[in-house]
Amino acid sequence: MTLSRRSLLATTGTAAVGAAVPAPASDGGADHRVRTGFERLAADGYAQLSGRKVGVVTNPTGITRDVRHIVDVMHADDRVKLTAVFGPEHGFRGTAQAGGSEGRYDDPATGLPVYDTYLKSGQPLADVFTASGVDTVVFDIQDAGARFYTYIWTLYDCMEAAALAGKRFVVLDRPNPVTGRAALGPVLHQEFATFVGRRPIAQAHGMTVAELARLFNGEFLEKPVPLETVTMTGWRRAMFFDDCGLPWVPPSPNMPTPDTALVYSGTCLFEGTNLSEGRGTTRPFELLGAEGIDGRWAAEANKAGLPGVRFREAYFAPTFSKFQGKTVGGVQLHVHDPAAFDPVLTGVALLVTARRVWDGFAWRPDNWIDKLTGSERVRTMIDAGAGAEEVAAAWHGELVAFRRTRAKYLMYR
């Protein structure tokens with residue numbers, strides 16, 4: 001793959017409205033692998049970053065095909081003037097658990113200053129970019145495809161801050177691991193905005209990070225950032241991560257496999273209940289349960305006839321988080337047809353059936369479920385006895401509207 005300097009200059013000329021470095025029609029005919037945005041950037045000799053002081057927002061997922069970290073690769077290459085790294089939740093090197101970060105330090109491997117972005121936004125984050133001395137901020141983090149996975153809001157916050165600080169912003173694209181076929185689930189209501197959902201997008205957004213960046217710039221940022229995106233080649237919207245031929249690195253400690261990502265946009269809703277969402281097990285978000293639950297839940301969930309998934313009666317003892325060290329009962333999800341599986345509908349159906357069979361069911365006292373679903377509607381409808389299909393029908397109109405908006409920013413077939 002080559003990108004001429006003329007095409008790069010043309011892209012830069014329209015960057016303020018969210019230009020994309022386009023994927024060529026063919027990579028030579030013989031090689032149909034998915035090539036990430038970073039692979040394409042490197043293959044062009046980093047021409048897009050020539051003469052720039054670069055800072056990278058990344059974490060352990062920012063790797064090459066041979067599992068070298070892109071920061072290590074760029075730091076060793078004289079064609080890139082890499083001067084800073086910005087770490088999100090869990091940190092640049094990934095040493096922190098959920099709700100934590102690594103703080104400000106100098107990276108032992110490269111000597112580069114690492115700045116902490118976690119829970120920073122607006123002018124305070126803009127001040128971090130200014131203090132770092134960079135003029136171009138590059139983003140390269142693997143997403144999991146769910147609105148409440150915080151890296152996409154790190155992207156949003158960094159774009160907003162880069163605009164305030166007068167920085168150029170480049171997004172290197174990676175696959176949505178659960179495909180980009182469709183947006184699913186409820187759309188956030190703005191009054192419920194938090195770091196697990198800044199803006200009104202669907203619970204399973206069905207977009208890549210570069211497409212999201214274009215949507216954020218076009219729909220939500222008051223001051224658009226000078227944005228460029230480097231697309232992938234070889235990726236199609238129907239592809240799951242296992243189809244991509246790329247190595248998987250857990251984007252966070254409780255996202256160990258692509259199977260986790262497949263169910264996450266639905267079963268993460270159990271964070272808003274008194275049931276375990278499987279943290280502290282080897283199958284987080286695939287195992288769900290609590291003390292006092294038995295095989296009736298799996299039987300009731302299987303009766304729902306949800307597409308693409310079956311439920312197994314399961315018992316487990318979390319090593320941390322809810323029910324630490326206690327044996328609990330519940331279900332394990334087994335997705336047998338990923339193409340038919342609807343994670344959000346499944347998550348709601350599991351809430352409905354758990355409440356039906358276990359009299360100990362309760363929402364978290366802070367109504368965290370409302371932050372995850374984007375409104376109080378899912379909680380109040382389930383409390384009123386609604387079934388999963390009825391709950392899903394209530395978000396249909398807003399989802400249709402979001403899908404229309406989303407379509408303007410899609411870059412792959």
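Here is a walk through the strands, helices and nonpolar cores of this structure. It's a predicted model, so local features need pLDDT of at least 70 and side-chain atom pairs count only at pLDDT 80 or more, while totals for chains, interfaces and linings use all residues. Residues are numbered from 1 along each chain as its sequence is written, and side-chain values use heavy atoms, with hydrogens and water left out.

Let's start at strand β6, residues 136-140. Helices (H or I, at least four residues) and strands (E, at least two) are DSSP runs, numbered from the N terminus. Five of the five residues in β6 are buried, where buried means under 20% relative accessible area with a 1.4 Å probe, protein chains only (exposed is over 50%, partly exposed in between). Thr136, Val138 and Asp140 point one way from the strand, Val137 and Phe139 point the other way, and all are buried.

What does β6 pair with? Two strands pair if DSSP finds at least two bridges between them. Strand β2 (residues 53-58) pairs with β6 in the parallel sense over five bridges, and Gly55 has Val137 as its bridge partner in β6. Strand β7 (residues 168-172) also pairs with β6 in the parallel sense, over four bridges, and there Val137 is partnered by Phe169. To get from β6 to β7 the chain goes through helix α5 (residues 151-165), making a right-handed β-α-β crossover: with the strands pointing away from the viewer, the path from the first strand over the helix to the second runs clockwise.

Phe169 turns up again in the packing. A nonpolar core here is a set of buried Ala, Val, Leu, Ile, Met, Phe, Trp, Tyr and Cys residues joined through side-chain atoms within 4.5 Å. The largest one has 111 residues, and Phe169 and Trp297 touch the most other members. Helix α5 supplies the largest share of this core, eleven residues. With contact meaning heavy atoms within 4.5 Å, and residues up to four places away in sequence not counted, Phe169 touches Val137, Phe139, Leu155 and Met159, among others. Another core, of 20 residues, lies apart from it and includes Leu41, Leu49, Val73 and Leu82.

Now for another sheet. Three strands form an open, antiparallel sheet in the order β11-β13-β12, with β11 (287-290) and β12 (309-316) as the edge strands. β11 and β13 (residues 328-335) share four bridges, and Leu287 has Gln332 as its bridge partner in β13. Helix α8 (residues 296-303) lies across β11, β12 and β13, at about 170 degrees to β12; axes are lines fitted to C-alpha atoms, for helices over the stretch in contact, and angles run from 0 to 180 degrees between N-to-C directions.
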